[in-house]
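Hi there,

Here is the structure I promised to pass on to you. Have a look at it first, and my notes follow below.

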Amino acid sequence: MPSIALSELVQMFRNRLVLVTMFVVPAAPSAFFLHKRDLFESLGFGYVAAVVLFIVMGTGLYATTVTTLASRRQNLFLKRLRSTTAGDATILSGLLLPVTVVALVQVTVILTVLAQVAEEPDSVLLLAAAVLSTVVMMLGLGLATAGVTSSPEHAQVTTLPISVGTILVAGWVGISGTDELTLLKRLLPGGSAAELTVNAWGGGVPVADSLLLLAPTLGWVVAAVALAARFFRWEPRR
């Protein structure tokens, strides 16, 4: 796996489309939210944290995962890797490790800056749980979406519903809370993770109660893995 991950890291920095998706797209709106944080203070910094989290994970981790897998399938790299002694899990882990690490570093830096310039989260444990569960969910959804994506260019279309949708859901939950339409908001992809992030940044909800919000996110992970197992292809789609 280390050799696959290192090779993928090199390829990632050579691909302009991936670089834009991975760095510029998440960084620009995140910088805006941090710079204009006073405008959102009335909504709570948990709202800012939730939206920034899903900007990075939606336009960064998720979209790049789909683009990477579609590209590697199209140039037959996936097929060649599968002819080696490496197992399927090892191949996918090696390919997705670099983008996952970069996304984690991005969101850690941005949330740390937010904590320094605004206010610190009440519970780092809840915030870490929200981030890690979101990472796993987005990786699962990325694998599933890659199964129906025929090319890197096609990924720009197939990733839009989830990348944009999760950001909108996070903003909706961050602004309006979950006092109304509670079940709907929590069951939508990103809803429970956004609520968990808000709670971590001053929601005043006990840790034990907040951790129950992991269940819907993990449910999406299970569904995404099942879809990936059904639709993912190792050779170019015809």
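How are H3 and H5 oriented to each other? This is a predicted model, and in it helix H3 (residues 45-74) packs with helix H5 (residues 88-117) at an angle of about 160°, their axes being 10 Å apart. Angles over 145 degrees count as roughly antiparallel, and H3 and H5 are therefore roughly antiparallel to each other. Their crossing is right-handed.

On the H3 side, the residues that make the contact include Phe45, Val52, Met57, Leu61, Thr64 and Arg72. H5 brings in, among them, Leu92, Val99, Thr100, Gln106, Ile110 and Leu114. Sorted by class, the contact of H3 with H5 has 18 nonpolar residues, four polar ones and one charged.

I also looked at some backbone angles. Most residues other than glycine have a negative phi.

- Leu76 has a positive phi, near 70°. Leu76 lies in the loop between H3 and helix H4 (77-82). Its relative accessibility is 38%, so Leu76 counts as partly exposed.
- Leu181 also has a positive phi, near 50°. The place of Leu181 is the loop between helix H8 (160-176) and helix H9 (182-187). Exposed means over 50% relative accessible area, so Leu181 counts as exposed at 52%.

Best wishes

Methods:
Residues numbered from 1 in each chain as written. Predicted model: local features only at pLDDT ≥ 70, side-chain atom pairs only at ≥ 80, totals over all residues. Heavy atoms only, no water. Axes fitted to C-alpha atoms, helices over the stretch in contact; angles between N-to-C directions. Helix = DSSP H or I, 4+ residues; strand = E, 2+ residues; numbered from the N terminus. Parallel < 35°, antiparallel > 145°, perpendicular 65-115°, else oblique. Left-handed = near helix turned anticlockwise from the far one by under 90°. Contact = heavy atoms within 4.5 Å. Nonpolar A, V, L, I, M, F, W, Y, C, P; charged D, E, K, R; others polar. Buried < 20%, exposed > 50% of the residue type's maximum accessible area, 1.4 Å probe, protein only.
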